[in-house]
Amino acid sequence: MSIPFIDLKAQYKLVEDSVKSGIDGVLEHGAYVMGPEIKDLEERLSSFSAVRHAVGCASGTDALIMALMALEVGPGDAVFTTPFTFMATAEAIALLGATPVFVDVDPVTFNIDPDALRRSIRDFKENNAELTPKGIIAVDLFGQPADYDRIEPLAQNNGMFLIVDAAQSFGATYKGKPVCSLGDMACTSFFPAKPLGCYGDGGMVFAQNDELHKLLVSIRVHGMGEDRYENVRLGINGRLDSMQAAVLLAKFEIFPDEIEKRQAAAGRYNELLDGIDGVTVPTVPEGNTSVWAQYSLLARDTEHREELMGKLKEVNIPSVIYYPKPLHLQKAFANLGYSEGDLPVCENLASRIFSLPMHPYLEAEDQETIAKVLKG
Ligand SMILES: *Cc1c(COP(=O)(O)O)cnc(C)c1O
């Protein structure tokens, strides 16, 4: 038996012809970096996301860095975010010399807790005169949107920006709105394992605002001005390869269908696994949709998780822990002075969570096998 954690081969069979002809096109025209495919992709994904502007870039990490640079984030600034995310979210803040402030998460959605965020901003303003509260990066963990109706007013009322880290949630909706249309900017990743992935690294920043769009375009190519060899600010080499854009254009054709298939697979898991003693299945609040970048269960405790993951491993079914160590406890952020117990909800989730195989081509039969193993 072999159930892949993510099945990119099944997907490749469906897009093989269009991927190959897209790559052939790039080989023919020879504009390997920032070729015509980039603009085409930006137009399609911005229209899909109901947002004015999209700027393709080299990775999700670069998307976050470019967004923060466009908002002039630097030393002396504090940016509030979640510790229950991939390293890149907080790394981008720290790389620019700003200070990440970690806020605990909601135990049901695993996303930043708006009440904890409100308290954290208030406490911060009272106790940290030397740092300016500059913005918030909310993360749509595992593909489901954070609670934007409660987060956006906190940003607005405190004069802070809001960036949506949609690296896992491209294609998801919050109260009917595509997640990449939310916040001042939204950033996504096209790493192969993300819901919309290319065959290498890629990313995109979305913005409604024309001025931010101009800044992003400039920052993407070393802070260029009207012409490429005029540099009006510091930027990065954040360009997207034409071949990756060609791959994304081909894969985007089947993406809406893939979202439905992911949602169907998640629904089947929920039905099969709900009610297993000590296991909590994921919940998406009414009115929102997830793209199920991961399907993550909570075990009763660490021991129970080991037992369940062990059962799966015995029959060669892969499962993965996202994320075993919250960012506030990582060595890379030791200088921030957090210790165990500071963010208890997040720490508790990290000790119990694990993710099952999830992709659009997951067969109902395989899911039944997985459920049987977990129950047995
Ligand atoms: C994957 C990911 C990123 C970074 O994207 P890359 O393309 O790998 O640089 C940022 N934030 C989150 C939440 C992610 O899952």
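**View 1. The shell of residues around the ligand.** In this predicted model, 15 residues surround the ligand, and the closest are Gly60, Thr61, Asp165, Ser189 and Lys194; a residue counts as near the ligand if one of its heavy atoms lies within 4 Å of it. The shell divides into five nonpolar, eight polar and two charged residues, where Ala, Val, Leu, Ile, Met, Phe, Trp, Tyr, Cys and Pro count as nonpolar, Asp, Glu, Lys and Arg as charged, and the others, Gly among them, as polar. Helices α3 (60-70) and α4 (88-95) each supply at least two residues of this shell, and the largest share, three residues, comes from α3; helices (H or I, at least four residues) and strands (E, at least two) are DSSP runs, numbered from the N terminus.

View 2. An N or O atom in the side chain of Thr61 is 2.5 Å from an oxygen atom of the ligand, while a polar side-chain atom of Asp165 lies 2.8 Å from a nitrogen atom of the ligand. A polar side-chain atom of Gln168 lies 2.8 Å from an oxygen atom of the ligand. The protein covers 93% of the 380 Å² of accessible area that the ligand has on its own, with areas taken from the Shrake-Rupley method with a 1.4 Å probe.

View 3. The model has 17 aromatic pairs, counted where rings of Phe, Tyr and Trp (its six-membered ring) have centres within 6.5 Å, with planes under 30 degrees apart called stacked, over 60 edge-to-face and the rest tilted. Phe48 and Phe252 form an edge-to-face pair, 5.2 Å centre to centre with 90° between the planes. Because Phe48 lies in helix α2 (residues 36-48) and Phe252 in helix α8 (residues 242-252), the pair ties together parts that are 204 residues apart in sequence.

**View 4. Backbone details in two loops.** A cis peptide bond, with omega about 0°, joins Tyr322 and Tyr323, and Tyr323 is placed in the loop between α10 (302-314) and α11 (344-352). Phe110, although not a glycine, has a positive phi of about 70°, and Phe110 lies in the loop between β3 (99-102) and α5 (114-127).

**Notes.** Residues are numbered from 1 along each chain as its sequence is written, and side-chain values use heavy atoms, with hydrogens and water left out. In this predicted model, local features need pLDDT of at least 70 and side-chain atom pairs count only at pLDDT 80 or more, whereas totals for chains, interfaces and linings use all residues.

Conventions:
A polar contact is a pair of N or O atoms within 3.5 Å; within protein, one must be able to donate a hydrogen and the other to accept it, and residues adjacent in sequence count only if both atoms are side-chain atoms.
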